[in-house]
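Please look over the sequence and the structure shown here before reading the report that follows.

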Amino acid sequence: MPRVLAVALPALILAGCAQTHLNASGTEYIEVPPILSIPGPTAADDPEAVVLFSLLAAEMAAQSGDYAQASRYYLEAARLSDDVKVAERATRLALFARNHPRALDAAERWLVLAPGSLEAMQLTAVLMVGEGRERDAAALLQRIVEQLGSEEGYGVVLSLLVQSEDRDAALRTLAMLVDADSDEPTAWQAHAELALRSDELHQARVVAQAGVDRFPEAVQLRMILARALTELEDPDAAIATLAAAIEAHPERRDLRLAYARALVDTEDFERVRPEFDRLLALAPDDADLLLTIALLSLEAGRFSLAEDYLERLLASGRRTHDANYYLGRLHEQAGDLEAARRFYRAVEEGQHADDADLRLARLAADLDGLEASRELFARLQDDPDGGIALRAYLGEASLLRERGELDAALERLARGLIQFPRSEQLLYLRGLVHERAGDIPAAEADFRAILEMDPENVSALNALGYTLADRTDRYEEAYDLILRAYEQRPDDAAIVDSYGWVLYRLGRLDEAVVQLERAYELMPDGEIASNLAVVLWELGRREESRAIIDEALQQDPDHDRLLRVKRELEH
C-alpha cells in the first residue's frame, strides 16, 4: 500500500464519508455513516481498495470503542498491505483487544515486512510462547541474542519471558534456547534466574548447579545458586557456595555483599562485621555501599553497628538525607524522640522526605501535644500530592484511634473521604474506628462499601467477618466471610486468628484451638493470645490459658483485651 493512503485516511473519513449537521445549539457535529454494515470490495477485484476500506472501517471501529472489530479489520489490511506501520498498528490493536491469536498473526506479518525489527521479534516471540509455539519462539529469541550479543541478548530474553502468563511454557522455551546454546554461560544464568522468579526453586537449583559445574568461573550462576538454596531453606549450603566463590574472586564486591546478606539471614553476627569491613576496604568511598551495609545491620538488629555506619555516612557528606532518615528511625525505635525529631527535620529532600514529615507530625503528639500534631498533619493534608495527603489523613486518624480520641478520628476520616471518596484505606480505617466505638452497623457499612468496589478484598472480608463473629451472633455469615479471606491468605496470622475465633463461636472448639495456636505461633500478638486463652480455658486447659496470658502481658502489660480476658476468666 502506498504510504500516501495512510496519510490521506483521516481526510477521507472526514470529507468522503461524513456529513455535517447542526445540533440544537447551532454547533456543527459530524455524523459518521455505519460503514461497518456496508459490504466492502473483495481482494480479487482490487486489493488496494480492500486495504483502504479495511483501514477506514478499522479506524471507525476504534473511534467507537469496538477494538475487537478494529483489530479484525486492521489484520485484514495488514495481510494485503506492504506498509510496516499497518502491520504494527494491527498488532497493537489486537493486543489492546486482548486477542492474542490475532495479535500473533499481525506480529508475524510485521516481522515479514521488517525482519530486522527488534520490537517485532520480541512481541512475536512472547505471543508465540502464549500460543504454545515454544520451538518457534526459541528460534526467534535466538535471533534476538545473535543481534544483541549474548550478555545483552539473554537479559532481553529474560525480561520478555518473565512477562509471560504461562511460566511453564516460558521455562520450556528458555530450556530449548539453552540446549541450542549450551556453551554460553549467560544462557544458563537466564534459565536459572527465570526458574527462581517463577518460584520453581528446585528447578532453579538444578539448572544453576549444572551451570556452575559446566562453568566454574561463572560468578552470577553461583550467586543464583546461593539464592535458590536460601529460598529452599538450606542456608549453610548457600553460605558455602558463596564462600567458595569469594575464595576464587576475593575482589568481587557483589559476591561479598551477597555473602554478608546470607550471614545476616542466618544471624551469624560474628562473621558479619569483619565481612562488612572487608567490603568497605574494597570501596572506602562508596556511599551506596556504606548505606547498604548500614541497612543490613538494621535488618540484623545490630542497632549500634547500624548507627556507627550511618554516622560515618553522614560525616562523608554524601547520601546525608538517607543517613538522617535512618538515624531518625533508630532513635525513634530507641525512644529518644527528641533526637529522632532532630534527624527527621534534617531530611529535606529525597525518597524519604515525605515519610520523615509524617513521622514528625506523629512525634509532635508525644512531644508537644495533639494540637501541635494537628497543625503538622493539616499542612500535609493540604499537599497537592494526593498520595501524601491521603497518608496524612490515615496517619492522623490512626494516631487518634490509638489515643482513644474516636470522635476526632471519625471527623478526620470524614474530611478525608470528601477528598478521597473511593479510598478503601480510609473506609477500612473508619470501619475499625466505628467497631472500637461500638457502632457495629456503621462499621459493617464501611466494610461492605469496600466489598462493593472490590468483592474479594481480603482485609475487608476479614474485618467484617471478625466484627460479626466477635460483636454479633451472625456466626454463619461471619464464617463465610472469613473463609473467603482464609482461602486467599491461609498463612496470614490475623486471618488465621479470625478463622479460629469464628470456629469457637460456632462451638467447634477442637478445630478452633488448632487454628488459634497456629495463629499465635505465626504472630505472638496480644489479641491472638487473648482469643487462644479463652478457647483453652473452655477446653479445660486452664494452666495453659493462664500461661499464655501471662506471657503476652509480659510483652504488652497494658493490652486492654488481655487484661479484660484475664479478669473475666479468673472470676
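## Aromatic rings

Tyr428 is partly exposed, with a relative accessible area of 28%, where buried means under 20% relative accessible area, exposed over 50% and partly exposed in between, for a 1.4 Å probe and protein chains only. Phe447, in contrast, is buried, at a relative accessible area of 0%. This is a predicted model, in which local features need pLDDT of at least 70 and side-chain atom pairs count only at pLDDT 80 or more, while totals for chains, interfaces and linings use all residues. Residues are numbered from 1 along each chain as its sequence is written, and side-chain values use heavy atoms, with hydrogens and water left out.

The structure holds nine aromatic pairs, a pair being two rings of Phe, Tyr or Trp (its six-membered ring) with centres within 6.5 Å, called stacked if the planes are under 30 degrees apart, edge-to-face if over 60 and tilted for the rest. One of them joins Tyr325 and Tyr326 edge-to-face, at 5.0 Å centre to centre and with 75° between the planes. Tyr325 is buried at a relative accessible area of 4%, and Tyr326 also counts as buried, at 17%. The rings of Tyr428 and Phe447 have centres 5.9 Å apart and planes at 50°, so this pair is tilted. It links distant parts of the chain, with Tyr428 in helix 24 (residues 424-437) and Phe447 in helix 25 (residues 440-453), 19 residues apart; helices (H or I, at least four residues) and strands (E, at least two) are DSSP runs numbered from the N terminus.

## Helix 21

Helix 21, residues 370-381, has twelve residues and reaches 16 Å from its first C-alpha to its last, close to the 16 Å expected at 1.5 Å a residue, that is, 1.5 Å times one less than its number of residues. Its buried residues are Ser373, Arg374, Phe377, Leu380 and Gln381. Seen down the axis of helix 21, these fall within an arc of 130°, so they line one face of the helix; the arc is that of the directions from the helix axis to the C-beta atoms.

The face of helix 21 turned away from the buried side carries the exposed residues Glu371, Glu375 and Arg379. What covers the buried residues includes helix 20 (353-367), helix 22 (386-402) and helix 23 (406-419).

## The chain as a whole

The secondary structure of the chain comes to 32 helices and two strands. Along its principal axes, the C-alpha trace spans about 95 × 75 × 55 Å, and 46% of the 571 residues count as buried.

Key. Contact means heavy atoms within 4.5 Å.
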